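Have the structure open and follow along.

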Amino acid sequence: MIYTTDVPRLGEGETSAVTLGKFDGLHRGHQKLMNCIREKKEDNCKAVIFTFDVSPVVRLLHTPAKGLLTNEEREELACERGMDILVECPFTDTLMHMEAEEFVKEFLVNRMHVRYLAVGPDFRFGHDRAGSPELLRKMGETYGFTVDVVKKLKDGSREISSTYVREELEKGNMEKVNELLGYVYFTRGEIVHGRQLGRTIGVPTANLIPPVCKKLPPNGVYITRSRISDKIYQGITNVGYKPTVAEHFLGVETYLFDCDEDLYGQDAEVRFYRYLRPERKFASLQELKGQLDVDVQKGRDFFKAFDK
């Protein structure tokens, strides 16, 4: 798959099927749009996700935002779902003030030779958000592309959206988060040396520092699976600052069941299945050990039932 921060110019005879939007999280609603354009690959169209590297709202407010996916994670998931090109166009002042008609003509028609567009009913673009699905259909008649306005996917009575996913993530409701996403929420990082206090109480852990741009669930303890190299480990994970041992950085610390390997320096992916309890400070390491024994048993019981 091609990943680019510039809008590509397709070669002569090449055409594209494009879906446009924010695509934070690549949740099931996004996947519905992606399925529409993937079907057009049978007509020799390249399947293209066109998104921006920062939310227009975030840009205007000058507020740093943590994403449900990093750019690298979004690229990987898009590739797994059959996309050919992921465009993460920088949301510059020029683009912010570009008229909707100019955006379509310059980027979609002239550069990407678009033949098919799939957008949601509330999609807006261009200066003052003047661009709409209706405008796209009108321009499609002029420039020879078709437009599908794809009905939103719903969870009960509520539309599946990145906002909905974020709300549930902030509650630590990982079962609902994973249901909305269509995959298990995860974070990644390199396993680094901690204070190795876990080994002193018989619970050795793998510590990683997640990307600063990645949104994490609330501080607390979770049932997780970790992928390290080609191996999958069940475990429990603490997200937070480890108050019992006075750590002062936000970390992701995982006890991997039945693992005594030296994993330092390796890359790990931690997938969150269920919230167990809030992070708390214990009076002693032995009291912490007693609680971890309880957490571990809950984790083992969970996967015994989950994997049936």
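Let's begin with a pair of strands: strand 3 (residues 45-52) and strand 4 (residues 85-89) run parallel and are joined by five bridges. Within this pair, Val-48 has Ile-85 of strand 4 as its bridge partner. Helices and strands here are DSSP runs numbered from the N terminus, with at least four residues of H or I for a helix and at least two of E for a strand. Two strands count as paired if DSSP finds at least two bridges between them.

Before going further, please note that this is a predicted model, in which local features need pLDDT of at least 70, side-chain atom pairs count only at pLDDT 80 or more, and totals for chains, interfaces and linings use all residues. Residues are numbered from 1 along each chain as its sequence is written, and side-chain values use heavy atoms, leaving out hydrogens and water.

Another six strands close into a barrel, in the order 9-10-13-12-11-14, with antiparallel pairing. Here the twist averages 40° from one strand to the next. Strand 9 (residues 186-192) and strand 10 (residues 206-208) run antiparallel and are joined by two bridges; Val-192 has Asn-207 of strand 10 as its bridge partner. Helix 8 (residues 174-181) lies across strand 11 (220-228) and strand 14 (267-278).

Axes are lines fitted to C-alpha atoms, for helices over the stretch in contact, and angles run from 0 to 180 degrees between N-to-C directions.

Helix 5 (residues 100-111) and helix 6 (residues 133-143) have axes that come within 11 Å and cross at roughly 50°. That makes helix 5 oblique to helix 6 (angles under 35 degrees count as roughly parallel, over 145 as roughly antiparallel, 65 to 115 as roughly perpendicular and the rest as oblique). In helix 5, Ala-100, Glu-101, Val-104, Lys-105 and Val-109 meet Leu-135, Leu-136, Met-139 and Tyr-143 of helix 6.

Where is Phe-23 placed? Phe-23 sits in the loop between strand 2 and helix 1. Its relative accessible area is 1%, so Phe-23 is buried (under 20% relative accessible area, with exposed over 50% and partly exposed in between, using a 1.4 Å probe and protein chains only). Leaving aside neighbours within four places in sequence, Phe-23 is in contact (heavy atoms within 4.5 Å) with His-30, Leu-33, Ile-49, Phe-50, Thr-51 and Arg-74.

**The whole protein**

In total, the protein has 10 helices and 14 strands. Its C-alpha trace spans about 75 × 40 × 40 Å along the principal axes. Of the 308 residues, 49% are buried.
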